[in-house]
Amino acid sequence: MGDNQDLQLAKIDHVELLSSQSGLLYLSKEFTDVTFVVDKEKFKAHRVILAARSDYFRALLFGGMRETNPANEIEISDCSSSAFNVLLTYIYTGKMSLGELSLEVVLELISLAHKYGFLALESAIQGYLKAVLDVKNVCQIFDLSSFFQLKDLYDSCLEYLDQNAVEVLSTDSFPVLSKNSLIEIIKRDSFCAPEVQIFCAVTDWIEANDEAAENDIKDVLDKVRLTLISLHELFHTVRPTNLFSADAILDAIKVKTESRVSEMNFRGHLVRNENIAITSCGSEVIEGEKRDSILDTDNVNYDVDRGFSRHLIADGDKGICISLGRPSIINTIRMLLWDKDMRSYSYFIEVSMDSQDWVKVIDYSKYLCRSWQTLHFQPRVVRYIRIKGTYCSVNKVFHLVHFECLYSTKPFTVTDDGIVVPPSNMAIPEASASVIEGVSRSWNALLNGETKCYDWNSGYTCHQIGSGSIVVQLAQPFCVSTMRLLLWDCDDRSYRYYIETSTDRQNWTRIVDKTKENCRAWQILTFEPHPVTFIRIVGTQNTVNEVFHCVHFECPANDEEPQATNYTQDLESKSLRDDVPA
């Protein structure tokens, strides 16, 4: 008999039998030594089983809480008898069928599980409640998740409320919300419904809570955005209720008539981590030439004649404008600039709610960019997005192949100038970086991540000392403060070099100066954070010949420590003494 079969035979699993027999023990009421009274109904149980299953019951029946409950009968006043019976059955059997229970009982059970420390049960009920969320029950479930601080369930409820705001406002359960839950819901930019409907729902809540304190009512009314309610509705719906003073209504009218649209505190729909700039969401390109392509999903099949939108780079041209299907909260834009050659573009991006008052969220008009652009900014409610090219290194036309916008939940950091601070190396082909100057037997060998397989013949990028350099172009400006590179190190030679950076390939800043020290192998470099698009590495000395060789480059430097390369081959056979760049 094989070892695996022996191990299988050695395992005995009678959990189902144990559960069944324990359940029969509860039903038979034999040998019970404690009684719980719930809604005048008595439940007999066994102290030792309760204590074994719950620290709360152990303290209640045998520990420090025993003095407050010395009798064999213990009264429970914070739940119904049906919920307590289901809980006791679970304690004895480990089983519970939530689908057979009413929502009220399930909500009681999660309260009991929280109170008595049944964490696995609490988690399971949370999962069930997330699965059965609907317009009618979400307010009750949200109230409970808020009270017990059940974060996972709480977040799921908020997301559901955001997605179904209009329907939820008209349910009978909305006026029954606690004050704190109501405020938490309607204060959110992502709770997107007509503001007058939110006001009417708040009015219903105030009527249903006629004993609410004046301060509580004020706290709730403060979250209603009067400036988003039309003048007609302010006069004919809001004013007759006397919930807002005449001065408050006049102040709202003043803001509506005198402020910029971009300064209004709009609400918008929130869809997490999904591109909403697609035709199925109602988005469309409303300005720019060849409008059919940039919102489709094909970002591969494009050439000089097709697969892109464009506009002339001129002061009077409005650029390329996308209208989203509805006001939406976004914080991220991804787009692909035409990149079938090595051309670069400059541009800026504006957003608007009315296509009249525009706010600039990205300004790369002074930077050279190419290929894929990943742009982040603070979340905004947006209806229109306009991309305007300001420069092309080849001609006077701005070309856009693909466009996406979304609300990303991934953490990101940007500078005050809107430059992304990358968490990892951006000098990789996958991030659209490329080597635009320097000699190598294989294109982008400097950026391909290979740091072990290189020799005298391949695996490095080089330039003749005294002329030329190695230049890397990143896809867009990134704010960086570290770099890392690997100098060719298959013998005992050393190098001297310096590094300059630029964002426009015209103005360069020297950030690293190693011209007066001998350097070998891995170089880990730090400097003051600043925007970088182009990195120029210039060798000034090689102790063996007149060529500068670099095997690998990162910007910013990866976190892991570089490993020393272990070569056992004959160093003489790997010498670069006779190298001449091709």
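Which residues of α8 are buried? They are Val138, Cys139, Ile141, Phe142, Asp143, Leu144 and Ser145, where buried means under 20% relative accessible area with a 1.4 Å probe and protein chains only. This is a predicted model, in which local features need pLDDT of at least 70, side-chain atom pairs count only at pLDDT 80 or more, and totals for chains, interfaces and linings use all residues. Residues are numbered from 1 along each chain as its sequence is written, and side-chain values use heavy atoms, with hydrogens and water left out.

**Helix α8**
- Helix α8 spans residues 138-147 and is mostly covered, with seven of its ten residues buried; helices here are DSSP runs (H or I, at least four residues), numbered from the N terminus.
- Its buried residues pack against α6 (103-116), α7 (119-131), α9 (151-163), α10 (165-169) and α11 (179-186).

**Nonpolar cores**
- The largest nonpolar core holds 77 residues, and Phe36 and Phe174 have the most contacts inside it; such a core is a set of buried Ala, Val, Leu, Ile, Met, Phe, Trp, Tyr and Cys residues joined through side-chain atoms within 4.5 Å.
- Leaving aside neighbours within four places in sequence, Phe36 is in contact with residues including Phe43, Leu50, Phe57 and Ile74 (contact means heavy atoms within 4.5 Å).
- Another core, of 42 residues, lies apart from the largest one, and Ala431, Leu486, Val547 and Cys550 are among its members.

Note on methods. Buried means under 20% relative accessible area, exposed over 50%, partly exposed in between (1.4 Å probe, protein chains only). Helices (H or I, at least four residues) and strands (E, at least two) are DSSP runs, numbered from the N terminus.
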